[in-house]
Structure formats: structure tokens, C-alpha cells
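This report goes through a few elements of one chain and their surroundings. Please look at the sequence and the structure first.

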Amino acid sequence: MSDSKRRSRGNQEESAGTSNGLGGRNRPERPGDMADEDDIGAGPSGISEEDDDPTRRREIRSKYRDLINQVQQNREDMLNPANNKLTDVLEEANKLFANGIIFLHYIFLYLPTELMQFRQLVGCMAWQSFAHTYFIFYVLYLHDHLLLGCYGLCLLSVRQAREAALDAQLLVLATDLGKEKASQLHAEGSAFDPSAFAEHLLSFMGLNRLEDESGQDGNLEGYLPQGAWQRLAKRSEYCFKTAPSFHYMLGSFLAEPPPPRQRVERQRKVPSKEAKRIMPTQLKKMEESHQEATEKEVERILGCLQSYFADDSEEPISYYEFVIDPNSFSRTVENIFHTSFLIRDGLVRMYMDTDGLPCIAPVEEGEMEPGGAVVRHQCVISINQESWREIIDAFDIKEALIPAPEVLSQ
Amino acid sequence: MSIHFVSVSCVYYSQGSIAMSQKKKAVSASQNKTQRRSQVCLDEDDEDAHFSQITSSQVQRAREHFTPVQIDRKVAEVVQFILIKDQKKIPIRRADIGKHVIKEYKGIYTEIMNRVCRTFEQVFGLQLVEIDPKNHIYILINKLEPIHGEPVSMRPGNPKTGLLFVILSVIFMKGGVIKENLVWNTLKKLRVDPGEKHDEFGDVKKVVTDEFVRQKYLEYVKIPHTEPVEYEFRWGLRAEKEVSKLKLLEFVGELFGQDPQSWTQQFREASTAETSSQRT
């Protein structure tokens with residue numbers, strides 16, 4: 001039995017390792033005594049004032065929180081059997097723990113020497129319970145499957161509870177991860193890494209890696225070509241026993257009224273627009289032709305009269321001979337109508353000759369008296385078919401002096 | 001006769017509700033399965049019992065009441081109903097078949113369904129499988145094995161099949177249950193972000209947690225006592241029947257360049273699943 005003190009400032013994960021040679025001296029418990037030189041193991045300072053410094057404590061707490069976040073966010077990466085990130089985190093936690101303010105007190109129960117030979121480490125368990133603020137660390141000794149006793153009690157007194165709480169939280173997360181990692185190792189055969197799986201899938205789908213790839217972890221470089229997922233789907237289809245979806249080969253017969261309605265509406269719209277467009281031009285044309293026709297006619301007749309008079313200015317032209325068209329009564333009426341315009345405008349004058357028959361002659365330009373002091377007489381000429389024929393017979397008119405107009409293209 | 005029919009169906013459906021409440025007490029998926037299996041036998045016996053009860057009087061009368069031509073037509077109608085319903089890949093409930101198609105032919109329901117199954121197998125090469133014996137839900141699967149080297153269908157691959165394959169493989173290779181974060185993280189590495197709209201899949205989260213779940217390819221279950229709420233993914237009932245674990249493992253092996261047998265646990269599970277499905 002040595003007097004050496006057993007002191008473990010260890011981390012809980014290493015408790016399994018340190019429990020091997022457990023034999024120790026009985027030490028009285030002095031939980032409240034921080035100045036005890038035996039308990040220096042906690043940290044370089046070991047004494048109250050510095051550890052109570054709120055800034056330092058805040059620092060420690062924030063570092064703990066960072067570690068906790070790190071574990072939570074990068075859970076998948078930590079599970080990767082290829083790296084030791086979990087161990088790194090625990091080492092960080094170790095440092096915080098060691099540099100912190102947590103004191104350890106040990107109590108060892110007296111172990112009878114004669115039973116030492118039966119000591120056999122069967123199990124070792126350590127847990128941290130924030131509420132109880134101490135660890136119980138014990139080893140079971142068995143002889144012939146008979147539990148002889150429980151030895152070894154380590155009392156951990158935690159002074160700064162908040163930091164301990166964070167440490168506990170970190171520990172829970174880390175042990176959870178550790179458990180998963182261990183299960184990966186314990187599993188027969190290879191582990192399955194979803195990240196590697198994703199990488200292989202990307203290669204299969206034909207990922208185009210950019211040439212200047214930096215190759216950092218988690219950096220999503222490259223782009224998937226078109227039809228990448230179809231490619232994967234085509235290969236994956238073999239794994240499925242999917243029944244092909246039922247569809248009629250030629251489509252189903254479904255009479256749908258809406259599309260035809262649209263077509264009809266569109267067609268209706270178009271003609272109406274064009275019709276509207278046509279209408280004004282048509283009207284315009286008609287009006288113009290109507291006016292034009294009359295004016296043109298009048299001018300033409302004046303031209304005829306003037307040309308006749310130019311040929312023979314001495315001989316007067318009989319009015320009747322001039323207007324009557326022996327071949328068409330309606331033509332005759334039109335001629336009378338147009339000639340009346342000429343007379344109205346003062347371009348032509350009508351007079352009675354020695355026989356009392358009306359004659360017609362163009363008005364010379366000099367004869368026109370401006371101011372309209374000319375005495376105007378009005379008369380009405382009527383004619384019917386019977387008198388028209390009588391005049392033709394009487395004057396023996398063979399042909400029209402006013403030639404028939406060209407047929408207008410209306 | 002009609003009153004008797006009503007009473008039969010009432011008893012039958014109350015059986016179903018008792019079975020459902022029993023199901024809710026089950027904790028894990030595997031426990032569920034064994035319970036379902038044992039209760040399948042129970043349920044089928046009861047059903048047979050009911051049907052045998054009515055066989056003596058009702059079925060005889062039903063057979064006499066309907067001509068063979070009418071029964072033929074009813075079978076054809078059920079086949080068509082199931083084919084159309086299967087287009088969306090949402091499992092078909094027996095209650096729907098009864099309500100919309102079979103109606104007054106309920107007495108000879110078993111006979112009709114037997115002929116329907118035979119028609120599917122012999123005419124279409126499809127199998128009508130009951131994935132949920134409790135609630136009597138059916139799916140259609142392909143009876144024909146795909147030939148390697150030849151395309152499965154002439155149509156271009158549906159990208160959602162690829163997405164589904166990724167999720168199902170991760171779940172299977174990780175032991176059958178995974179937390180939802182693992183799925184989202186893996187998909188992110190494949191440039192599929194559930195938070196963003198994807199070119200091919202649109203609202204990825206909806207496709208995975210709603211569409212695939214309704215089609216019974218996946219199960220999306222809440223983990224109890226978690227704050228904030230977390231969900232886990234498992235294989236759905238349709239996936240169990242429709243997906244060959246062995247073929248899936250083979251493809252995973254191809255991708256990794258590894259022998260599928262190197263994943264011993266998964267290989268064992270896949271082999272047992274294959275033999276049991278071949279037995280049915």
C-alpha cells in the first residue's frame with residue numbers, strides 16, 4: 001500500500017483507461033477546502049480570485065458554446081470515419097476543462113488487501129450529472145460472478161455550475177457522436193459514408209468539374225449537365241418493379257368545346273375589321289364618282305359644244321339637235337340635265353332664232369358681265385318619250401351630237 | 001338481402017377499426033411488421049369466416065342474381081378502375097373499389113377480386129399486392145423482371161425516380177431509419193437544396209415529404225420528445241414491395257467500385273428480402 005495519491009484530473013472519456021490499477025489510500029473528504037495543496041491538480045491557479053473573474057468565465061462559456069455549435073453543425077463530418085474531428089473537439093474541451101475552474105476531490109474507499117487479488121475490472125462507468133454536481137466513478141469487482149463490492153468513489157465538486165452545465169452539454173453531444181462512430185466501427189463490413197456516396201453519384205451523372213477548382217471541402221464546384229437526373233433515373237429503374245402507368249395509346253377521346261369557340265371568335269373579329277376598313281373607302285369612292293361624274297359630264301358637253309362652234313361659228317346649233325340622242329331616251333334626259341348646268345353657270349346661252357326654235361351657243365369670255373346683272377330667265381323643259389320621238393322625226397336627227405360617255409368601271 | 005349485406009359490411013369494418021387501434025400502440029417499424037403479419041392471418045381468417053358465413057346463402061343467391069356476363073363486365077370494370085387509379089401511383093383503397101365499382105356485387109367480392117388478380121397477372125404481367133392488410137390498401141407492381149442491358153421502358157427516365165433512389169439507398173445503407181437532416185445534407189451535395197426551387201423537381205421538400213409519402217415510397221415520422229420537432233425517414237410500404245434491395249445494393253456497389261458483399265449487414269438483409277419476395 002503506497003502512500004501515493006491517486007489523482008486523476010482526467011477527462012471522462014479516459015476514465016476507462018485510468019481505472020486499471022485502482023488501489024488507493026483512504027483520503028478524508030474535504031470538499032469545501034479549496035486551499036488544500038492536495039487538490040492543486042485542477043489548474044495552474046488553483047485559487048479562487050482568478051477563477052471567479054467574470055470575464056474569464058464568460059470566455060470559457062463562450063468557448064464551450066462554440067464547441068457545442070461546432071459539434072451540432074458538423075455532425076455529419078464528425079461521423080466520417082476518415083477523420084478525427086471528434087477527438088479534436090474533445091481535446092479542446094479538455095483544455096477548457098483543465099484551464100477552468102473545476103476542482104476534483106477524490107475519495108477512495110478502503111480496499112482490503114486480501115480482496116485485491118480478485119479485482120477484475122468488469123465495468124466502469126462515469127457519468128456527469130449537473131444536478132448532482134459530482135461524478136460517481138466506480139469499478140465492479142467480481143469473483144465467481146459474485147459481486148463483492150463497489151470500490152472507488154470519485155467526488156467531483158463543481159464550483160462554477162454554469163460552465164459545468166455547458167461542459168455537460170458538450171459531453172452529451174460528443175458521447176452521442178462517439179457512440180455512433182463506435183457503432184460504425186463495430187458493424188461488420190464497410191461503413192457507408194453518404195458524402196462519398198454523393199460524390200460517386202455526381203461522377204455517375206456526369207458532373208463537369210470546372211478547371212480552376214480549388215478543391216476545398218464543402219465547396220460546390222462544377223455543374224451538372226442537362227439530363228443528369230434522367231441518366232440516374234434510367235439506371236435506377238432496374239431496382240424498381242414499377243408497373244407502367246396506364247394511358248390510352250392514341251389519347252382519350254374528349255370533345256372539348258372551348259378551343260373551337262376561340263377560333264370562331266378570332267375569325268369573326270378579323271372580317272369585321274376589314275369590313276370596316278373597306279366601308280369608308282367604298283363610300284368615298286361612291287361620293288367622288290358621283291360628283292366627278294356630273295362635273296366631268298358637264299365639262300365634256302361644254303367641250304363638245306365649243307368644238308362644234310369652233311368648226312362653224314356662223315351656224316347656230318339647234319338646242320334640240322344638240323341634246324337629243326336618237327338611240328337612247330335616258331341619254332337625252334341626261335344631256336338636258338347636264339346642259340342646264342352650263343346655262344345656270346352662264347357658260348352657255350340659249351336663245352330663240354328667227355324660226356322660234358331654241359338655239360344654244362357658248363358664251364364668249366368677253367360677253368360675260370361680272371356682277372351678275374344679267375337678266376336670268378328660268379324655264380322648265382319637260383320631255384317624254386312620245387315628244388322625244390316626234391322631235392327626232394321632225395328634225396330628222398340621225399345621230400347624237402353629244403357622244404355617249406365611256407362606260408365607267410363601276 | 002340488401003339489409004344483410006349492410007350488416008356484413010358493418011361487422012367487417014369494425015374489425016378494421018379495432019385492428020387500427022392496436023396498430024397505433026406499436027413502437028418500432030419492425031414490431032409493426034410482425035404485428036401486421038400476425039394480424040393479417042387473423043383478419044383473413046375472420047374475413048374468410050364472414051365470407052364463408054355468407055357463402056351458403058348470400059353468394060349462391062348473388063351468383064344466381066347476376067349473369068356470368070354481368071360478372072365478367074364487373075371484373076373488367078374493376079381492372080380498369082385500378083389501372084386508372086394507379087396512374088398517380090397513390091395506393092388504392094379497397095373501400096374505394098367497393099364504393100365506386102363493385103357496389104351491389106359485394107357478395108361475390110372475393111370471386112371478383114380473384115379474377116381481377118388473375119387478369120392482371122395473365123394479361124398485363126402485373127401483380128396486385130396488398131401493402132397494408134389492416135386498411136386493405138393495394139398497389140400494382142410489375143411481375144416481369146427487367147433484363148439487364150435493355151431499357152426498362154421506352155419512355156425517358158423520370159428524374160424523380162433518381163431522387164427517390166438516392167433517398168432510399170441512404171436509408172437502407174444506414175440501417176433503415178435516418179434523421180431527416182441526413183437526407184437534406186446529402187441532397188445539398190447533389191445540388192438539390194430543399195430551401196430553393198429546383199429546375200427539375202420544383203419544391204423538393206414537398207416532393208419528398210408529401211408526394212413520396214402519399215405514394216407510400218417513404219415514411220416521414222415525427223421523433224417523439226424532440227424540441228424543435230425532428231423527423232425521421234424510413235422506407236414506405238410501397239418501397240418494401242416494389243424495390244429490390246439486392247439490385248439497389250448492386251448499384252451502390254457499382255458506384256463505389258466495391259463488391260456489394262463487403263457491406264455484410266446490408267447484403268444479408270437484401271438477400272433475405274429477395275428470397276421472401278420471390279416466395280410470394
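How many bridges join strand S1 (residues 92-93) of chain B to S3(B)? There are 2 bridges, and the two strands run antiparallel.

## Basis of the report

This is a predicted model, in which local features need pLDDT of at least 70, side-chain atom pairs count only at pLDDT 80 or more, and totals for chains, interfaces and linings use all residues. Residues are numbered from 1 along each chain as its sequence is written, chains are lettered from A and ligands numbered from 1 in the order in which they are written, and side-chain values use heavy atoms, without hydrogens and water.

## Strand S3 of chain B

Helices (H or I, at least four residues) and strands (E, at least two) are DSSP runs, numbered from the N terminus. Two strands pair if DSSP finds at least two bridges between them. S2(B) and S3(B) form a hairpin with 4 residues between them, where His136(B) in the turn has a positive phi of about 55°.

## Asp96 of chain B

Asp96(B) is in helix H4 (residues 94-102) of chain B and is buried, at a relative accessible area of 12%.

Technical notes
Buried means under 20% relative accessible area, exposed over 50%, partly exposed in between (1.4 Å probe, protein chains only).
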